[in-house]
Amino acid sequence: MKQKIIAIVGDSGTGKSTLAAYIERELGIRQLVSHTTRPMREDERNGVGHYFVTEDDMPPRSRMLAYTHFGGNHYWVDLRELRNDPIVTYVIDEKGLMMLMEEYSDAFDIIPILIRLAPALRLADGIPADRIQRDRCRVHIEEAQYAHIFDNNGPLNEFLYNVKTTLWNLKDR
């Protein structure tokens, strides 16, 4: 049986990282921690969601599960991060997801999910303008390519519960 990777995609501020942390806490599905060369934000901690590194720390491409260059920064997961978990989550952008599916779909069962948030809610939630602007450069994948699409437009607890209910069956398959 192939290892499953739940690949979580969505614009900035849609709840990807919140969802991955919730899935880990509620379902015991570990989140892969990516490496990035972007600066750490005020509310972040190294090793939680990302390892913050320099370009000099980048390994050869052969050691990267997926790689993307987004917003002027590099992002990747070291293949050693996979270990032997039967299922993991991975917060990734569209370019990284495309690379993951092209290069590793034979090795892993990749389950892409899209998180959406209404534009007005992103503004109301105080997502910084530079992050919203940066999202305009994202590659977009046809919605039919996603195994699941979730809208995060209501109460957060409802969104998280709906995703948990949908993903629960994946855990033991």
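Where is the place of L97 in the chain's helices? L97 sits in helix α2. The model is predicted, so local features need pLDDT of at least 70 and side-chain atom pairs count only at pLDDT 80 or more, while totals for chains, interfaces and linings use all residues. Residues are numbered from 1 along each chain as its sequence is written, and side-chain values use heavy atoms, without hydrogens or water.

**Overall layout**

The chain holds five helices and nine strands. Helices (H or I, at least four residues) and strands (E, at least two) are DSSP runs, numbered from the N terminus. Along the sequence the pattern reads β-α-β-β-β-β-β-β-α-β-α-α-β-α. Of the 173 residues, 47% are buried. Buried means under 20% relative accessible area, exposed over 50%, and partly exposed in between, with a 1.4 Å probe and protein chains only. Among contacts with a separation of 6 or more, 70% come from residues 24 or more positions apart. Contact means heavy atoms within 4.5 Å.

**L97 and the cores**

L97 counts as buried because its relative accessibility is 1%. Leaving out residues up to four places away in sequence, L97 touches A7, V9, I92, I110, P112, I141 and Y146. L97 and I8 are 89 residues apart in sequence, yet their C-alpha atoms are 8.8 Å apart in space.

L97 is also part of the largest nonpolar core, which has 19 residues. Such a core is a set of buried Ala, Val, Leu, Ile, Met, Phe, Trp, Tyr and Cys residues joined through side-chain atoms within 4.5 Å. The residues with the most contacts inside this core are I5, L65, Y90, I92, L97 and L100. Five elements each supply at least two of its residues: β1 (3-10), β5, β7 (87-91), α2 (94-104) and β8 (108-116). I92 is in contact with A7, I8, V9, A66, L97 and L100, setting aside neighbours within four places in sequence. Another core lies apart from the largest one. This other core has 18 residues, including I87, I115, V163 and L167.

Strands pair if DSSP finds at least two bridges between them. β3 (residues 34-36) and β6 (residues 73-78) run antiparallel and are joined by two bridges. H35 has W76 as its bridge partner in β6.

H74 lies in β6. H74 is buried, with a relative accessible area of 11%. Its side chain makes a polar contact of 3.4 Å with that of E55. A polar contact is a pair of N or O atoms within 3.5 Å; within protein, one must be able to donate a hydrogen and the other to accept it, and residues adjacent in sequence count only if both atoms are side-chain atoms.

| Residue | Element | Relative accessible area |
|---|---|---|
| H74 | β6 | 11% |
| L97 | α2 | 1% |

**One aromatic pair**

The count of aromatic pairs comes to one. The rings of Y104 and F108 have centres 5.9 Å apart and planes at 50°, so the pair is tilted. Rings of Phe, Tyr and Trp (its six-membered ring) pair if their centres lie within 6.5 Å; planes under 30 degrees apart count as stacked, over 60 as edge-to-face and the rest as tilted. Both Y104 and F108 are buried.
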